[in-house]
Amino acid sequence: MTDEERNIITSVWNDMVLRKKLEDNPYSLTSEELYALENNDRLNEKIALLVKDALVRRAITNNERFFSH
């Protein structure tokens with residue numbers, strides 16, 4: 001497995017082992033592990049924004065349906 005593949009897997013699955021390691025001993029993390037955690041944080045931010053956008057769109061659609069009757 002390449003480093004890039006490992007980083008992708010960690011980003012997608014939110015590797016809790018790395019989070020715990022970051023809390024317990026942050027200076028023990030390698031640059032690749034820090035990069036993986038950073039990627040995971042970015043992914044979580046994007047997901048949160050997409051969910052928020054979807055909820056706003058649904059609210060607008062429901063609002064339009066409610067007031068069009």
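Analyst: Let's start with a term: contact means heavy atoms within 4.5 Å. Helices (H or I, at least four residues) and strands (E, at least two) are DSSP runs, numbered from the N terminus. You're looking at a predicted model: local features need pLDDT of at least 70, side-chain atom pairs count only at pLDDT 80 or more, and totals for chains, interfaces and linings use all residues. Residues are numbered from 1 along each chain as its sequence is written, and side-chain values use heavy atoms, with hydrogens and water left out.

User: Which helices do the buried residues of H1 pack against?

Analyst: Buried means under 20% relative accessible area, exposed over 50%, and partly exposed in between (1.4 Å probe, protein chains only). In helix H1, residues 3-13, the buried ones are Asn7, Thr10 and Ser11. They sit on the same side of H1, because they cover an arc of only 100 degrees around the axis, taken from the directions from the helix axis to the C-beta atoms. Their packing partners are helix H2 (16-24) and helix H3 (31-68).

User: And Trp13, is that buried or exposed?

Analyst: Trp13 also lies in helix H1, but on the other side, along with Val12. Its relative accessibility is 68%, so Trp13 counts as exposed.

User: What kind of aromatic pair do Phe66 and Phe67 form?

Analyst: Rings of Phe, Tyr and Trp (its six-membered ring) pair if their centres lie within 6.5 Å; planes under 30 degrees apart are stacked, over 60 edge-to-face and the rest tilted. The structure holds one such pair. Phe66 and Phe67 are 5.0 Å apart centre to centre with 80 degrees between the planes, which makes the pair edge-to-face.

User: How many residues apart are Asp41 and Arg19?

Analyst: These two form a salt bridge, with the closest N and O atoms 2.6 Å apart; the term means a side-chain nitrogen of Lys or Arg within 4 Å of a carboxyl oxygen of Asp or Glu. Arg19 is buried at 18%, while Asp41 is partly exposed at 33%. The pair links distant parts of the chain, Asp41 in helix H3 and Arg19 in helix H2, and the separation is 22 residues.

User: Which helices does the salt bridge between Glu33 and Lys21 tie together?

Analyst: The closest N and O atoms of Glu33 and Lys21 are 3.2 Å apart. Glu33 is buried, with 19% relative accessible area, and Lys21 is partly exposed with 28%. The two parts are 12 residues apart in sequence, and the helices are H3 for Glu33 and, for Lys21, H2.
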